[in-house]
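Keep the viewer open and follow along.

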Amino acid sequence: GGPRMAEETLACPKELVGRVIGPKGANIQAIQKESGARVSVDRETNDVVVSGSEEAVRKAVGLVNAIISPPSKTLTCGKEYVNDLIGKGGSNIKKMQAESGARISVDSDKNPIEIKIEAPTPEALANAEALINVLIKPAAVEKLECPKQYASQIVGEGGATLNGIESAHGVQIILDMGSDPVTVRIEGNDPKGVAAATAAVEEIIANAIDPDYEGEEGKKWRAEATRCADERSRLFDEATKIFDADKKGENVDKDKAYKLMEEAKAMGPAMEAANAKAVEAIVKFNNEGKGDMYLDLHGLQVTEALAVLEERLGKIKGKGEFEVIPGAGNHSDDKALLKPKVEGMLKDLKIQFKEKNAGTLIAVV
């Protein structure tokens, strides 16, 4: 009336015998304790012999097979995921292995990358796969295009801009620099974070293509200066018509013409005052919070820019490296009109300088 007895022999590859036995027989002992079966290894054939009650043998065979032929699965992913998948010093792999109980190996030499999962149980395999998919199959993905000449503005100096967006929104940003326009891929597990990061990158691209160098206050005063110039022209034209009619002997109101001329002349100082306020606003817009050793001259006319630069150079004399940005002329009809003028001023003042990039100079003042 006792339990039915059984015996089963499992073929074991020679290279896995040690794994079945374990250090000082620890694995076999653990299988025997958990199953209640007797487990031994034939050293000549490498067969694993399991005996005991049918239930004990069934359980022990499952445990042995988990070592000999563990549940496994191979996943693939693009090379752009390898760093996040492995982690610094393999930290991510180790964490996923600890959480799932599965063994995870990555073949990064293949393209696409191959990720092999070996687990003691189907549950552990499923857990490991889920953890990996969080890293290689983001819940949300957006793609943008950016002209190649502006891609560096997404990255920022030393990667600062890109890293800042990734950190702030919990996303990964991948730029395919092999094409023009560059493809910008933004991905993450939080759709809201991906949407916010996408908006931030779109703003950078838009501002790179059509940059705002003036700000609202600068635009306001530039518009006022333009209005004054237009009004001056209108008044001069109206007065000139009256004087021309007078020369032809027509009956005209010359007093009105003189009054118009005076009004036109008054528009000159008003225009200059508006442009001066525009210069002040534009310099503030492009440079606020960046200190005296930095000067972005974008948005200024050449004469205005040179006057601002001369004033700043007088203020910072003897203080070291000074970064001045005349621009590369990418958004001007006359390419790099200001840059040679700035270089000429620095040379005239015997100030040494070098080019940091196409639109930036570093001067030693």
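K350 counts as exposed, because its relative accessibility is 74%; buried means under 20% relative accessible area, exposed over 50%, and partly exposed in between, with a 1.4 Å probe and protein chains only. K350 sits in the loop between α13 and β12 (352-357). Helices (H or I, at least four residues) and strands (E, at least two) are DSSP runs, numbered from the N terminus. The phi of K350 is near 60°, a positive value in a residue other than glycine.

This is a predicted model: local features need pLDDT of at least 70, side-chain atom pairs count only at pLDDT 80 or more, and totals for chains, interfaces and linings use all residues. Residues are numbered from 1 along each chain as its sequence is written, and side-chain values use heavy atoms, with hydrogens and water left out.

N46 also has a positive phi, about 65°, although it is not a glycine. Its loop runs between β2 (38-41) and β3 (48-53). N46 counts as buried because its relative accessible area is 15%.

Next, the cis peptide bonds. One runs from N111 to P112, with omega near 5°. P112 is in the loop between β5 (103-107) and β6 (113-118). Another joins D180 and P181, where omega is about 10°. P181 lies in the loop between β8 (172-176) and β9 (182-188).

Now the interior. A nonpolar core is a set of buried Ala, Val, Leu, Ile, Met, Phe, Trp, Tyr and Cys residues joined through side-chain atoms within 4.5 Å. The largest has 22 residues, and L297, L300, L309, L313, F322 and V342 touch the most other members. At least two core residues come from each of α11 (254-287), α12 (302-316), β11 (321-325), α13 (338-348) and β13 (360-364). Helix α12 gives the most, with six residues. Another core, of 20 residues, lies apart from it; L175, I186, V201 and I205 are among its members.

Contact means heavy atoms within 4.5 Å. Beyond its neighbours within four places in sequence, L297 is in contact with A305, V308, V324, I325, P326, L338 and V342.

L313 is in helix α12. L313 is buried, with a relative accessible area of 8%. Not counting residues up to four places away in sequence, L313 touches F322, M345, L346, L349, I351 and V365. How far is the C-alpha atom of L313 from that of E34? The separation is 82 Å, and the two residues are 279 residues apart along the chain.

N287 belongs to helix α11. It is buried, at 7% relative accessibility. Leaving out residues up to four places away in sequence, N287 touches Y294, L295 and D296.

Finally, step back to the whole protein. Its secondary structure comes to 13 helices and 13 strands. The radius of gyration, taken over C-alpha atoms, is 38 Å, well over the 21 Å that the globule rule gives for 365 residues, so the protein is more spread out than a compact globule. That rule is 2.2 Å times the number of residues to the power 0.38. Along its principal axes, the C-alpha trace spans about 140 × 50 × 30 Å. Buried residues make up 39% of the 365 residues. Among contacts with a separation of 6 or more, 62% join residues 24 or more positions apart.
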